Structures are given as C-alpha cells and as structure tokens.
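Take a look at the picture, then read on.

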Amino acid sequence: MAQALSEEEFQRMQAQLLELRTNNYQLSDELRKNGVELTSLRQKVAYLDKEFSKAQKLSSHPPPL
C-alpha cells in the first residue's frame, strides 16, 4: 500500500517540481531563440552561396573589354 508523504517530503518535491518547471521554461525559450537564429543563419548562407556563385561565374568569364 502507498505511504503518505511527510510534510517535509511534500515540500521538497514541490520545490523540485518548481525548479524543473523553471528549467523547462528556460530551455524552451533558449530552443525558440536558437531556432530563430538557425533560420536567420540558413538564409544568410543561401544568400552568400548565390553571391559566391555569381562571383565565380564572373571570374571565370570576365566581360569583354
């Protein structure tokens, strides 16, 4: 049969639950921010890849003088 928690055990578990919830909120926020940063960096990489490709074409086929 299950035993009832003592007041001290209950308070300790409540404190632990609060700490875990706080950590979860912080990690969720960090994950969201990292997702935003990742999206931004992917867009920058795509842009730089296009610009690099343009530069390579120009350097391999210079316009006539």
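Predicted model: local features only at pLDDT ≥ 70, side-chain atom pairs only at ≥ 80, totals over all residues.

Let's step back to the whole chain. The protein chain has one helix and zero strands. Its C-alpha trace spans about 90 × 20 × 10 Å along the principal axes. The radius of gyration is 28 Å, whereas a compact globule of 65 residues would come out near 11 Å. And how much of the chain is buried? Buried residues account for 0% of the 65 residues. In total, the chain exposes about 6600 Å², and carbon and sulfur atoms supply 60% of that area.

Now for the charges. The chain carries 9 positive and 9 negative side chains, and the centres of these two sets sit 16 Å apart. Side chains of opposite charge can pair when their charged atoms come close. How many salt bridges does the structure hold? There are three, and here they are:

| Salt bridge | N to O distance |
|---|---|
| Arginine 32 and aspartate 29 | 3.0 Å |
| Aspartate 29 and lysine 33 | 3.2 Å |
| Lysine 54 and glutamate 51 | 3.2 Å |

Lysine 54 and glutamate 51 both belong to helix H1, three residues apart, which is about one turn of the helix. Glutamate 51 is partly exposed as well, with a relative accessible area of 30%. Elsewhere, shared partners link Asp29, Arg32 and Lys33 into one salt-bridge network.

Arginine 32 and aspartate 29 are three residues apart in helix H1, so about one helical turn separates them. Lysine 33 and aspartate 29 are both in helix H1 too, four residues apart, again about one turn. As for accessibility, aspartate 29 is partly exposed at 31%, and lysine 33 is partly exposed at 48%.

Finally, look towards the start of the chain. Which residues make the nonpolar surface patch there? Leu5, Phe10 and Met13 do, and the patch covers about 280 Å². Leucine 5 sits in the segment before helix H1, which runs over 7-60. With a relative accessible area of 48%, leucine 5 is partly exposed, so it passes the patch requirement of over 30%.

How values were computed. Residues numbered from 1 in each chain as written. Heavy atoms only, no water. Patch = residues over 30% accessible without salt bridge, like charges linked within 9 Å, V, L, I, M, F, W, Y side chains within 5 Å. Areas by Shrake-Rupley, 256 points an atom, 1.4 Å probe, with all protein chains shown as cover. Salt bridge = Lys/Arg side-chain N within 4 Å of Asp/Glu carboxyl O. Helix = DSSP H or I, 4+ residues; strand = E, 2+ residues; numbered from the N terminus. Buried < 20%, exposed > 50% of the residue type's maximum accessible area, 1.4 Å probe, protein only. Rg over C-alpha atoms; globule rule 2.2 N^0.38 Å. Lys, Arg positive; Asp, Glu negative; His and termini not counted. Charge placed at Lys NZ, Arg CZ, Asp CG, Glu CD.
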